[in-house]
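Subject: Structure handover, with notes on charged side chains

Hello,

Here is the structure I promised you. Please open it alongside this email. My notes follow below.

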Amino acid sequence: MAGGCGLSHQCSGEAGLGDRFTAAGVSWSSAGENIGQGNASNTEASIITAANGLTDLMLAEVAPNDGHRKNLLNTGFKRIGLAVTRDANGKVWFTQDFVN
């Protein structure tokens, strides 16, 4: 996402989420993904604060637009993968991947 395709679950030419998990050797039967973006200064504390703020916003979602919240609270998901990075412009890119 930070490399150019923006806030998207699947960049052009990229395999789908399940195929990416399988290619990485992840055994899964159900999967979900949350993505987000925000801004932060170039300190670890600021980046963590931005990532936590994005998660807080996701948890505050209400139906019917609460897909991120549903992923976070889904008791069927047993494992999570997290990625947080900050680009040169100060934008924080955030991914949460969930599998069972």
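A cut-off comes first: buried means under 20% relative accessible area, exposed means over 50%, and partly exposed lies in between. Keep in mind that this is a predicted model.

Start with R20. Its relative accessible area is 22%, so R20 counts as partly exposed. R20 sits in helix α1, which covers residues 17–23.

Which residues does R20 bridge to? One partner is E14, with the closest N and O atoms 3.4 Å apart. E14 is partly exposed, at a relative accessible area of 31%. Another partner is E33, with 3.6 Å between the closest N and O atoms. This second pair links distant parts of the chain: R20 is in helix α1, E33 is in strand β1 (residues 31–39), and 13 residues separate them. E33 is buried, because its relative accessible area of 12% is under the 20% cut-off.

Next, D66 and K70. They form a salt bridge, and their closest N and O atoms are 3.7 Å apart. Is each end buried or exposed? D66 counts as buried, at 7% relative accessibility. K70 counts as exposed, at 53%.

How do the bridges connect? Shared partners join E14, R20 and E33 into one network. The count of salt bridges comes to 3.

Now look at D97. This residue is in strand β3, residues 91–99. D97 is buried, yet has no salt bridge. What is the nearest side chain of opposite charge to D97? It is R20, 5.6 Å away.

What does D97 touch? Leaving out residues up to four places away in sequence, D97 touches L17, F21, G32, E33, R79, I80 and G81. One of these, E33, is also a salt-bridge partner of R20.

Last, the record. UniProt lists residues 28–98 as "domain: SCP", in an unreviewed entry. In the model, the end C-alpha atoms of that span lie 9 Å apart. The span is 32% helix and 35% strand.

Best wishes

Technical notes:
Residues are numbered from 1 along each chain as its sequence is written. This is a predicted model: local features need pLDDT of at least 70, side-chain atom pairs count only at pLDDT 80 or more; totals for chains, interfaces and linings use all residues. Side-chain values use heavy atoms; hydrogens and water are left out. A salt bridge is a side-chain nitrogen of Lys or Arg within 4 Å of a carboxyl oxygen of Asp or Glu. Buried means under 20% relative accessible area, exposed over 50%, partly exposed in between (1.4 Å probe, protein chains only). Helices (H or I, at least four residues) and strands (E, at least two) are DSSP runs, numbered from the N terminus. UniProt positions are given in the numbering used here, feature names are shortened, and annotations may be inferred rather than shown by experiment. Lys and Arg count as positive and Asp and Glu as negative; His and the chain ends are not counted. Contact means heavy atoms within 4.5 Å.
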